[in-house]
Amino acid sequence: MSSWSEILNAVEEEGKPLKYLHELRGKTLQQISEKTGRNLIAYYSGWLTKPQAFDIDINDTDKNAFMQAVYKLDKNKGVDLVLHTPGGSIAATESIVDYLHSLFNGDIRAIIPQISMSAGTMIALACKEIMMGKQSNLGPIDAQMGGIACQAVLSEFKKAKEEVRNNPASLGLWQVIISKYHPTFLTACENAIAWSEELAKEWLGANDQISNDQIGTILNTFIEHNNSKSHNRHISIKKCKEVGLKIIDMEDDPDLQDLILSLHHCYMILFDKTNIVKAVENQIGGTYFRINPSPS
């Protein structure tokens, strides 16, 4: 494996560093695909480097990226998705998952070099298997509205009703707190929670390697805000295995692990050295970049 520093040094030593980095990514994507005998699509967001940038999340523009990424791929070979994302729109995620399932007949695996959160975790849960290393993490999929956990909103509203019923003098305080929610906000939160759970249950239920009992445990772990405590919580490979997800240990194949982590370092350096905020690429040269309109 080429480490972060080794790749960075090589990039800086080249006369045309971005050309070298592009060639190295392309070569590594192809090597991973050749080793697995499967198609490979890398879906990368630069949110760790450019957290305030536009278009770092999963959104409907990504459908165009995936349409290009699947073009000319042999759909009979299945596909591995290398995921690195903070998450994003549930609607866009549902559309992308449905699209990929229809093309590859459900033969999709997720590879998590570092972290795939929220809706990125939902994509991983829709895959038949998830490859993770000791450094890899998934995240909770409890629905959010404007960065606020929907389940926390409903819990707060329930608490307000109970406290006002038991102590009417607390009404004034709770009126100030609850007034921050617009009239349809609670219903929207309820619908978002139901939608997220419905999709996760459907996708997990389509995986014949996961039992109904395991589905319940997985949903309880990833959806229940009271369990995760925070939407930013990082869920380890150990926990993913314990709850019943079908996990492949990245360390079981050191050569493949080296290639995956080299690819990951390439993308991290790409985001650090350029204004690119999102990259979607396949092993045959299909490339889609989103550019930050201004330097971070």
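The dialogue below discusses salt bridges in a predicted model.

Reader: On what basis are the residues and atoms treated here?

Author: Residues are numbered from 1 along each chain as its sequence is written, and side-chain values use heavy atoms, with hydrogens and water left out. As the model is predicted, local features need pLDDT of at least 70 and side-chain atom pairs count only at pLDDT 80 or more, whereas totals for chains, interfaces and linings use all residues.

Reader: How many salt bridges does the structure hold?

Author: Side chains of opposite charge can pair when their charged atoms come close. A salt bridge is a side-chain nitrogen of Lys or Arg within 4 Å of a carboxyl oxygen of Asp or Glu. The structure holds 12 salt bridges.

Reader: Which parts of the chain does the pair of aspartate 80 and arginine 38 link?

Author: Their side chains meet in a salt bridge at 2.7 Å, N to O. The pair links distant parts of the chain, 42 residues apart: aspartate 80 lies in strand S2 (residues 79-84), and arginine 38 in the loop between helix H2 (17-36) and strand S1 (39-45). Helices (H or I, at least four residues) and strands (E, at least two) are DSSP runs, numbered from the N terminus.

Reader: Are aspartate 80 and arginine 38 buried or exposed?

Author: Buried means under 20% relative accessible area, exposed over 50%, and partly exposed in between (1.4 Å probe, protein chains only). Both aspartate 80 and arginine 38 are buried.

Reader: What separates glutamate 197 and lysine 201 in helix H8?

Author: About one helical turn separates them, because they are 4 residues apart in helix H8 (residues 185-205). Glutamate 197 is partly exposed at 30% relative accessibility, and lysine 201 is partly exposed at 44%.
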